[in-house]
Amino acid sequence: MSNLYFDLTEELNAEGPIAVLASGQAVVFYRLALMSKDGDWILRETPEACRRVLAVLAKYGAHYRPGAPLDVRWLAGGWSSHFELSDPQGRRIRCDFVSRPPRVSRDEVAALFSPPQGPASLLVVGVEPLIRMKQTQRAKDYPVIGELARLLPPEREVELTTDPDRIIALASLYGKDSGRLPVRAARAGGSREDVVIALARETDRLQQEDRARLEQYRRASDTYLHEVQAARIGDLSLPQAHERICEIAERWLPYNPLETGG
Amino acid sequence: MELLSEDDLNLKDMTWEELDKAWDLWFDLAQATNDFDPPYTHGVFVLCNLEPRKDDGNLERLIAEDRVVPARLDLTELGPPPEQPRDMTISEALAAQREER
């Protein structure tokens, strides 16, 4: 018995680092919780990496779920690609890929494929980029951020934690240069309630920003997704589905909705 | 909000083999909620709401593939669960395994 998403990560990277495990399975890797039923990866943005992933997934009988094609033309615009398969026990496996995770710079993404701990270890996203990826519109991600931040040195934890008690504990020693409002509230001698309120406002702002970003993708993909459904892409073998979904995307899915305004 | 349960708090003390087994067991149990999972948990389609296709035909396909078994019982007649002794938590099970070694 093993974590099949860890195994799949190793298989995807068997010919060179192309897929960095992220999101819920990264939280499992960092031993914070047994969290996610799905696998999420940050993919190297090359045609070769896309071909490698499609070949591995096809071997296991994976099918496309409604989403963008696994193709750099759309991945470069921040789109995500989604697949589903079953393991030998009939358990549902979902695999999601992006090459431009939100709130992670291109330089940071490039560095993910050359981890300092060496090529032998499982390729997993670092704690700080993972935290920033989790600053989503989902309320449930923010307690996870608080636990992840505990893995950081204190001067970084105070900049990223969502735990008001940790901010209060760390602000005086490590928050001197922080521009973060909850940290400033703690340093200014505010009450715990002041810190909680500042933190809640910050969280709400992050949620609203992410929601606005996702809303652009939703508007841009509405017609496309219905065309993908109508074409019954999920019923096709992966090679056939990939060819067909690219055809549909070329017609209906803008490469980068954030540039074109959706 | 408490994120970590008693079992979660013990994850750091597990070996990689124990963590794999614990996750595999959790993944098994989590399959029970597949039908209730949101269509997307990550990516840029999380706000998209795909309406089910009218001519989906999935149930017919599953029946044709012999992957659907007709219901034998009626859940509304099931009644309350029987009294069971307290199940061992994952942490207790792993601790017991360590003692056996």
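How much area do chain A and chain B bury between them, and what part of it is on carbon and sulfur atoms? In this predicted model, the two chains bury about 4,300 Å² between them, with 60% of it on carbon and sulfur atoms. The size of an interface is often given as the accessible area lost when the parts come together.

**The interface**

In terms of residues, 49 from chain A are in contact with 39 from chain B. Three of them deserve a look on your screen: A:Arg31, A:Leu34 and A:Lys37 supply 21% of the area that chain A buries against chain B, more than any other three residues.

Polar links cross the boundary as well. The rule finds 19 residue pairs in polar contact across the interface of chain A and chain B, both residues being at pLDDT 80 or more. Helix 1 (4-12), helix 2 (23-29), strand 2, strand 5, helix 7 (141-149) and helix 11 of chain A each give at least two residues to the side of chain A that touches chain B. Helix 11 of chain A provides the largest share of that side, nine residues. Sorted by class, the side of chain A that touches chain B holds 19 nonpolar, 13 polar and 17 charged residues.

**Salt bridges**

Over all chains the count comes to 29 salt bridges, and four are found across the interface of chain A and chain B. Here are two salt bridges to look up:

| Side chains | N to O distance |
|---|---|
| A:Arg91 and B:Asp24 | 3.1 Å |
| A:Arg52 and A:Glu15 | 3.1 Å |

The pair A:Arg52 and A:Glu15 links distant parts of the chain, 37 residues apart. A:Arg52 sits in helix 3 (residues 47-59) of chain A, while A:Glu15 belongs to the loop between helix 1 and strand 1 (19-22) of chain A.

**The cavity**

How many cavities of 30 Å³ or more does a search of the whole structure find? The search finds one, and about 310 Å³ of space lies in the largest cavity. This cavity is lined by 27 residues, of which A:Ser23, A:Pro102, A:Met133, B:His42 and B:Gly43 are the closest to its centre. Strand 2 (38-43), strand 5 (92-98) and helix 11 (192-230) of chain A are the elements that give two or more residues to the lining. By class, the lining of the largest cavity has ten nonpolar, eight polar and nine charged residues.

Key. Residues are numbered from 1 along each chain as its sequence is written. Chains are lettered from A and ligands numbered from 1 in the order in which they are written. This is a predicted model: local features need pLDDT of at least 70, side-chain atom pairs count only at pLDDT 80 or more; totals for chains, interfaces and linings use all residues. Side-chain values use heavy atoms; hydrogens and water are left out. On a 1 Å grid over the protein atoms alone, a cavity is a set of points where a 1.4 Å probe fits but cannot get out, and a pocket is an open set with protein on both sides within 12 Å along at least five of seven lines; lining residues have an atom within 4 Å of a point. Grid points are joined across faces, edges and corners, and a volume is the space filled by probe spheres set on the points. Helices (H or I, at least four residues) and strands (E, at least two) are DSSP runs, numbered from the N terminus. Ala, Val, Leu, Ile, Met, Phe, Trp, Tyr, Cys and Pro count as nonpolar, Asp, Glu, Lys and Arg as charged, and the others, Gly among them, as polar. Contact means heavy atoms within 4.5 Å. Buried area is the accessible area (1.4 Å probe) that two parts lose on being put together, summed over both. A polar contact is a pair of N or O atoms within 3.5 Å; within protein, one must be able to donate a hydrogen and the other to accept it, and residues adjacent in sequence count only if both atoms are side-chain atoms.
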